[in-house]
Amino acid sequence: MEKKHTQTAIMDSELSEQIKAVTKEVHVRAENTELMLSYQRGRVSLQQYQLLLCSLYKIYEALEEALDTNASHHAVAPIYFPQELARLESIGKDLEYFYGQSWREKITVPAATLRYAQRLREVGRDHPEYLLAHAYTRYLGDLSGGQVLGRITQKSLGLKSGEGLSFFSFPGVSSPNLFKQLYRSRMNSVELTEEQRSGVLQEALDAFQLNIQVFNELQESLSCVSDTENEVRQRHTQHKQNTTT
Ligand code: HEM
(Lines give C-alpha, C1' and ligand atoms only; values in the text may rest on other atoms or scores of the structure.)
Protein backbone atom coordinates (compact mmCIF):
# COMPACT_ATOMS: atom_id res chain seq x y z
CA MET A 1 0.00 0.00 0.00
CA GLU A 2 2.76 2.34 1.10
CA LYS A 3 4.69 1.53 -2.08
CA LYS A 4 1.63 2.17 -4.26
CA HIS A 5 1.19 5.62 -2.68
CA THR A 6 4.83 6.44 -3.29
CA GLN A 7 4.55 5.33 -6.91
CA THR A 8 1.43 7.45 -7.46
CA ALA A 9 3.16 10.44 -5.86
CA ILE A 10 6.12 9.96 -8.18
CA MET A 11 3.92 9.76 -11.28
CA ASP A 12 2.09 12.98 -10.26
CA SER A 13 5.27 15.01 -9.89
CA GLU A 14 7.42 16.79 -12.45
CA LEU A 15 9.91 15.03 -14.69
CA SER A 16 13.00 16.19 -12.76
CA GLU A 17 11.57 14.83 -9.52
CA GLN A 18 10.34 11.64 -11.12
CA ILE A 19 13.68 10.89 -12.73
CA LYS A 20 15.53 11.53 -9.48
CA ALA A 21 13.15 9.29 -7.50
CA VAL A 22 13.16 6.50 -10.05
CA THR A 23 16.98 6.41 -10.29
CA LYS A 24 17.63 6.75 -6.57
CA GLU A 25 18.31 3.07 -6.04
CA VAL A 26 20.41 2.57 -9.17
CA HIS A 27 22.43 5.68 -8.18
CA VAL A 28 23.35 3.90 -4.96
CA ARG A 29 24.38 0.86 -7.02
CA ALA A 30 26.54 3.07 -9.25
CA GLU A 31 28.16 4.63 -6.15
CA ASN A 32 28.94 1.13 -4.87
CA THR A 33 30.82 -0.12 -7.94
CA GLU A 34 34.48 -0.92 -7.20
CA LEU A 35 35.62 2.01 -9.32
CA MET A 36 33.42 4.54 -7.50
CA LEU A 37 34.35 3.01 -4.13
CA SER A 38 38.02 3.64 -4.96
CA TYR A 39 37.05 7.25 -5.46
CA GLN A 40 35.13 7.45 -2.23
CA ARG A 41 38.11 5.97 -0.38
CA GLY A 42 40.09 8.86 -1.85
CA ARG A 43 42.29 6.49 -3.88
CA VAL A 44 42.26 6.31 -7.62
CA SER A 45 45.10 4.97 -9.73
CA LEU A 46 46.49 6.52 -12.88
CA GLN A 47 45.40 3.45 -14.85
CA GLN A 48 41.85 3.67 -13.54
CA TYR A 49 41.62 7.33 -14.47
CA GLN A 50 43.19 6.90 -17.91
CA LEU A 51 40.87 4.01 -18.82
CA LEU A 52 37.89 5.96 -17.52
CA LEU A 53 38.83 8.89 -19.76
CA CYS A 54 39.08 6.55 -22.79
CA SER A 55 35.56 5.26 -22.18
CA LEU A 56 34.16 8.68 -21.42
CA TYR A 57 35.56 9.97 -24.70
CA LYS A 58 33.57 7.38 -26.67
CA ILE A 59 30.45 7.96 -24.57
CA TYR A 60 30.47 11.74 -24.94
CA GLU A 61 31.36 11.48 -28.62
CA ALA A 62 28.12 9.54 -29.19
CA LEU A 63 26.04 11.60 -26.72
CA GLU A 64 27.10 14.99 -28.04
CA GLU A 65 26.75 13.94 -31.67
CA ALA A 66 23.19 12.79 -30.94
CA LEU A 67 22.42 16.03 -29.07
CA ASP A 68 23.88 18.21 -31.87
CA THR A 69 21.91 16.33 -34.53
CA ASN A 70 18.68 16.71 -32.56
CA ALA A 71 19.34 20.20 -31.20
CA SER A 72 16.02 21.55 -32.50
CA HIS A 73 13.91 18.56 -31.42
CA HIS A 74 11.19 19.72 -28.99
CA ALA A 75 12.48 17.43 -26.20
CA VAL A 76 16.14 18.31 -26.71
CA ALA A 77 16.15 22.06 -27.47
CA PRO A 78 15.35 23.14 -23.86
CA ILE A 79 18.20 21.07 -22.39
CA TYR A 80 20.71 21.73 -25.18
CA PHE A 81 23.63 23.59 -23.53
CA PRO A 82 26.74 22.84 -25.62
CA GLN A 83 28.61 25.98 -24.45
CA GLU A 84 28.15 25.15 -20.80
CA LEU A 85 28.22 21.36 -20.78
CA ALA A 86 30.00 19.82 -23.79
CA ARG A 87 32.77 17.51 -22.56
CA LEU A 88 34.26 15.96 -25.69
CA GLU A 89 36.96 18.57 -26.30
CA SER A 90 37.94 18.64 -22.63
CA ILE A 91 38.33 14.86 -22.51
CA GLY A 92 40.40 15.02 -25.72
CA LYS A 93 42.75 17.51 -23.98
CA ASP A 94 43.13 15.19 -20.99
CA LEU A 95 43.85 12.21 -23.22
CA GLU A 96 46.49 14.22 -25.05
CA TYR A 97 48.05 15.15 -21.71
CA PHE A 98 48.36 11.47 -20.73
CA TYR A 99 48.98 9.72 -24.06
CA GLY A 100 50.60 12.45 -26.17
CA GLN A 101 49.58 13.79 -29.56
CA SER A 102 48.84 10.38 -31.07
CA TRP A 103 46.35 9.58 -28.27
CA ARG A 104 43.65 8.64 -30.79
CA GLU A 105 45.64 5.56 -31.82
CA LYS A 106 46.35 4.58 -28.24
CA ILE A 107 42.98 4.65 -26.53
CA THR A 108 41.22 1.40 -25.62
CA VAL A 109 37.48 0.97 -25.97
CA PRO A 110 36.03 -1.99 -24.06
CA ALA A 111 32.84 -3.81 -25.10
CA ALA A 112 30.53 -2.22 -22.49
CA THR A 113 31.60 1.23 -23.65
CA LEU A 114 30.83 0.31 -27.26
CA ARG A 115 27.39 -0.94 -26.19
CA TYR A 116 26.69 2.35 -24.38
CA ALA A 117 27.81 4.41 -27.41
CA GLN A 118 25.70 2.23 -29.69
CA ARG A 119 22.61 2.76 -27.51
CA LEU A 120 23.19 6.52 -27.64
CA ARG A 121 23.31 6.42 -31.44
CA GLU A 122 20.10 4.36 -31.58
CA VAL A 123 18.36 6.80 -29.24
CA GLY A 124 19.52 9.76 -31.34
CA ARG A 125 18.09 8.10 -34.43
CA ASP A 126 14.89 6.48 -33.14
CA HIS A 127 13.90 8.20 -29.86
CA PRO A 128 15.45 11.66 -29.53
CA GLU A 129 13.24 12.36 -26.49
CA TYR A 130 15.21 9.68 -24.57
CA LEU A 131 18.26 11.93 -24.86
CA LEU A 132 16.70 13.74 -21.88
CA ALA A 133 17.49 10.67 -19.80
CA HIS A 134 21.03 10.24 -21.09
CA ALA A 135 22.00 13.91 -20.86
CA TYR A 136 20.55 14.07 -17.32
CA THR A 137 22.45 10.97 -16.17
CA ARG A 138 25.83 12.16 -17.37
CA TYR A 139 25.77 15.96 -17.11
CA LEU A 140 23.91 16.34 -13.81
CA GLY A 141 26.12 13.58 -12.42
CA ASP A 142 29.22 15.47 -13.59
CA LEU A 143 27.93 18.64 -11.94
CA SER A 144 27.13 16.82 -8.67
CA GLY A 145 29.33 14.01 -7.33
CA GLY A 146 31.64 14.56 -10.33
CA GLN A 147 33.01 17.74 -8.78
CA VAL A 148 34.24 15.82 -5.74
CA LEU A 149 35.70 13.11 -8.00
CA GLY A 150 37.79 15.78 -9.75
CA ARG A 151 39.38 16.89 -6.47
CA ILE A 152 40.08 13.26 -5.49
CA THR A 153 41.68 12.55 -8.88
CA GLN A 154 43.94 15.58 -8.54
CA LYS A 155 45.00 14.61 -5.03
CA SER A 156 45.41 10.87 -5.66
CA LEU A 157 47.52 11.36 -8.77
CA GLY A 158 49.37 14.43 -7.54
CA LEU A 159 48.39 16.36 -10.66
CA LYS A 160 49.05 20.09 -10.86
CA SER A 161 45.91 22.17 -10.94
CA GLY A 162 44.11 21.61 -14.24
CA GLU A 163 46.63 19.19 -15.79
CA GLY A 164 44.76 16.21 -17.21
CA LEU A 165 41.68 17.33 -15.28
CA SER A 166 39.74 19.34 -17.89
CA PHE A 167 36.94 16.78 -17.85
CA PHE A 168 35.86 17.92 -14.39
CA SER A 169 35.98 21.62 -15.10
CA PHE A 170 32.99 23.58 -16.39
CA PRO A 171 34.24 27.11 -17.08
CA GLY A 172 30.82 28.06 -18.51
CA VAL A 173 29.00 27.13 -15.29
CA SER A 174 29.70 29.53 -12.43
CA SER A 175 27.37 27.88 -9.94
CA PRO A 176 26.70 24.15 -10.47
CA ASN A 177 23.75 24.30 -8.07
CA LEU A 178 22.04 27.17 -9.85
CA PHE A 179 22.74 25.57 -13.19
CA LYS A 180 21.21 22.29 -12.01
CA GLN A 181 18.09 24.21 -10.97
CA LEU A 182 17.84 25.78 -14.41
CA TYR A 183 18.41 22.39 -16.06
CA ARG A 184 15.66 20.77 -13.99
CA SER A 185 13.20 23.53 -14.87
CA ARG A 186 14.05 23.10 -18.56
CA MET A 187 13.48 19.35 -18.27
CA ASN A 188 10.11 20.07 -16.68
CA SER A 189 9.12 22.36 -19.54
CA VAL A 190 9.26 19.52 -22.09
CA GLU A 191 5.85 18.23 -23.11
CA LEU A 192 5.70 14.46 -23.26
CA THR A 193 2.90 11.94 -23.67
CA GLU A 194 2.52 9.47 -20.79
CA GLU A 195 4.11 6.80 -22.96
CA GLN A 196 7.11 8.99 -23.78
CA ARG A 197 7.46 9.96 -20.13
CA SER A 198 7.63 6.39 -18.93
CA GLY A 199 10.03 5.63 -21.80
CA VAL A 200 12.32 8.44 -20.59
CA LEU A 201 12.22 7.13 -17.01
CA GLN A 202 13.06 3.60 -18.14
CA GLU A 203 15.87 4.97 -20.32
CA ALA A 204 17.35 6.77 -17.30
CA LEU A 205 17.50 3.46 -15.44
CA ASP A 206 19.16 1.87 -18.48
CA ALA A 207 21.62 4.79 -18.73
CA PHE A 208 22.76 4.24 -15.12
CA GLN A 209 23.01 0.52 -15.79
CA LEU A 210 25.18 1.16 -18.87
CA ASN A 211 27.50 3.29 -16.73
CA ILE A 212 27.70 0.55 -14.11
CA GLN A 213 28.67 -1.97 -16.79
CA VAL A 214 31.38 0.35 -18.11
CA PHE A 215 32.82 0.79 -14.58
CA ASN A 216 32.70 -2.95 -13.84
CA GLU A 217 34.39 -3.91 -17.07
CA LEU A 218 37.08 -1.30 -16.53
CA GLN A 219 37.75 -2.63 -13.04
CA GLU A 220 37.79 -6.26 -14.23
CA SER A 221 40.32 -5.46 -16.95
CA LEU A 222 42.56 -3.89 -14.30
CA SER A 223 42.29 -6.86 -11.97
CA CYS A 224 43.27 -9.10 -14.94
CA VAL A 225 46.36 -6.94 -15.36
CA SER A 226 47.22 -7.14 -11.69
CA ASP A 227 46.53 -10.93 -11.63
CA THR A 228 48.97 -11.35 -14.50
CA GLU A 229 51.47 -9.10 -12.75
CA ASN A 230 51.11 -11.19 -9.59
CA GLU A 231 51.59 -14.43 -11.52
CA VAL A 232 54.72 -13.06 -13.16
CA ARG A 233 56.00 -11.95 -9.76
CA GLN A 234 55.24 -15.36 -8.22
CA ARG A 235 56.97 -17.18 -11.08
CA HIS A 236 59.96 -14.88 -10.69
CA THR A 237 60.21 -15.56 -6.95
CA GLN A 238 59.82 -19.30 -7.51
CA HIS A 239 62.51 -19.23 -10.18
CA LYS A 240 64.86 -17.38 -7.80
CA GLN A 241 64.16 -19.92 -5.03
CA ASN A 242 64.80 -22.85 -7.41
CA THR A 243 68.09 -21.44 -8.60
CA THR A 244 69.35 -20.69 -5.09
CA THR A 245 68.51 -24.17 -3.69
C1 HEM B 1 23.61 13.66 -7.88
C2 HEM B 1 27.20 11.77 -5.31
C3 HEM B 1 28.21 8.69 -8.88
C4 HEM B 1 24.60 10.57 -11.47
C5 HEM B 1 24.51 13.42 -6.91
C6 HEM B 1 24.60 14.19 -5.69
C7 HEM B 1 25.61 13.66 -4.97
C8 HEM B 1 26.16 12.57 -5.72
C9 HEM B 1 26.10 14.14 -3.60
C10 HEM B 1 23.77 15.40 -5.31
C11 HEM B 1 22.44 15.01 -4.83
C12 HEM B 1 21.56 16.24 -4.74
O13 HEM B 1 21.92 17.33 -5.19
O14 HEM B 1 20.47 16.08 -4.24
C15 HEM B 1 27.79 10.78 -6.06
C16 HEM B 1 28.95 10.02 -5.65
C17 HEM B 1 29.23 9.16 -6.65
C18 HEM B 1 28.25 9.39 -7.70
C19 HEM B 1 29.67 10.20 -4.32
C20 HEM B 1 30.32 8.14 -6.76
C21 HEM B 1 31.44 8.19 -6.11
C22 HEM B 1 27.33 8.93 -9.89
C23 HEM B 1 27.30 8.23 -11.13
C24 HEM B 1 26.27 8.76 -11.87
C25 HEM B 1 25.66 9.80 -11.07
C26 HEM B 1 28.25 7.13 -11.52
C27 HEM B 1 25.80 8.41 -13.24
C28 HEM B 1 26.55 7.93 -14.19
C29 HEM B 1 24.02 11.55 -10.72
C30 HEM B 1 22.91 12.37 -11.17
C31 HEM B 1 22.62 13.27 -10.15
C32 HEM B 1 23.57 12.98 -9.08
C33 HEM B 1 22.19 12.26 -12.50
C34 HEM B 1 21.55 14.34 -10.13
C35 HEM B 1 20.38 13.92 -9.29
C36 HEM B 1 19.27 14.96 -9.35
O37 HEM B 1 19.43 16.00 -8.77
O38 HEM B 1 18.26 14.68 -10.00
N39 HEM B 1 25.46 12.44 -6.89
N40 HEM B 1 27.39 10.37 -7.30
N41 HEM B 1 26.31 9.87 -9.87
N42 HEM B 1 24.39 11.95 -9.47
FE43 HEM B 1 25.84 11.12 -8.38
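Which of the 15 residues around the ligand come nearest? Lys20, Gly141, Ser144, Gly145 and Asn211 do. The structure is a predicted model.

## Ligand shell

The shell around the ligand draws two or more residues from each of helix H3 (24–31), H4, H10 and H13. H10 gives the most, with 4 residues. By class, the shell has 6 nonpolar, 7 polar and 2 charged residues. Lys20, Gly141, Ser144, Gly145 and Asn211 come nearest to the ligand among the 15. Of these, Gly141 also takes part in the contact of H10 with H11 on the H10 side. Gly145 takes part in that contact on the H11 side.

## Overall fold

The chain has 13 helices and 0 strands. From the N terminus on, the order of elements is α-α-α-α-α-α-α-α-α-α-α-α-α.

Of the 245 residues, 30% count as buried. Take the contacts between residues at least 6 apart in sequence: 84% of them join residues at least 24 apart.

## Nonpolar core

In soluble globular proteins, nonpolar side chains tend to be buried together. Here the largest nonpolar core holds 53 residues. Leu53, Leu132 and Tyr136 touch the most other members. Eight elements are listed as giving two or more residues to this core: helix H2 (15–22), helix H4 (34–40), helix H5 (46–69), helix H7 (88–99), helix H9 (111–126), helix H10 (131–143), helix H12 (176–188) and helix H13 (194–244). The largest share, 13 residues, comes from H5.

Leu53 is one of the residues that touch the most other core members. Which residues does leucine 53 contact, leaving aside its neighbours within four places in sequence? The partners are Ile91, Asp94, Leu95 and Phe167.

## H5 against H9

H5 and H9 both give two or more residues to the core. The two helices pack at an angle of about 0°, with their axes 9 Å apart. That angle is under 35 degrees, so H5 counts as roughly parallel to H9.

H5 brings Ser55, Lys58, Ile59, Ala62, Leu63, Ala66 and Thr69 to the contact. H9 brings Thr113, Tyr116, Ala117, Leu120, Arg121, Val123 and Gly124. By class, the contact has 8 nonpolar, 4 polar and 2 charged residues.

## H10 against H11

H10 and helix H11 (residues 145–157) pack at an angle of about 55°, with their axes 3 Å apart. The angle therefore makes H10 oblique to H11.

Gly141, Asp142 and Leu143 lie on the H10 side of the contact. They meet Gly145, Gly146 and Gln147 in H11. The residues of this contact divide into 1 nonpolar, 4 polar and 1 charged.

## Leucine 143

Leucine 143 is found in helix H10. Is leucine 143 buried or exposed? Leucine 143 has 20 C-beta neighbours inside 10 Å, so it counts as buried. The cut-off for a buried residue is 20 or more.

What does leucine 143 touch, not counting residues up to four places away in sequence? Its contacts are Phe170, Val173, Pro176, Phe179 and Lys180. Glycine 172 is 29 residues from leucine 143 in sequence. In space, leucine 143 and glycine 172 are 12 Å apart, C-alpha to C-alpha.

Terms used. Residues are numbered from 1 along each chain as its sequence is written. This is a predicted model: local features need pLDDT of at least 70, side-chain atom pairs count only at pLDDT 80 or more; totals for chains, interfaces and linings use all residues. A nonpolar core is a set of buried Ala, Val, Leu, Ile, Met, Phe, Trp, Tyr and Cys residues joined through C-beta atoms within 7 Å. A residue is buried if 20 or more other C-beta atoms lie within 10 Å of its own, exposed if 12 or fewer, and partly exposed in between; C-beta atoms are placed from the backbone. Two residues are in contact if their C-beta atoms, placed from the backbone, lie within 7 Å. Axes are lines fitted to C-alpha atoms, for helices over the stretch in contact, and angles run from 0 to 180 degrees between N-to-C directions. Angles under 35 degrees count as roughly parallel, over 145 as roughly antiparallel, 65 to 115 as roughly perpendicular and the rest as oblique. Ala, Val, Leu, Ile, Met, Phe, Trp, Tyr, Cys and Pro count as nonpolar, Asp, Glu, Lys and Arg as charged, and the others, Gly among them, as polar. A residue is near a molecule or strand if its C-beta atom, placed from the backbone, lies within 6 Å of it.
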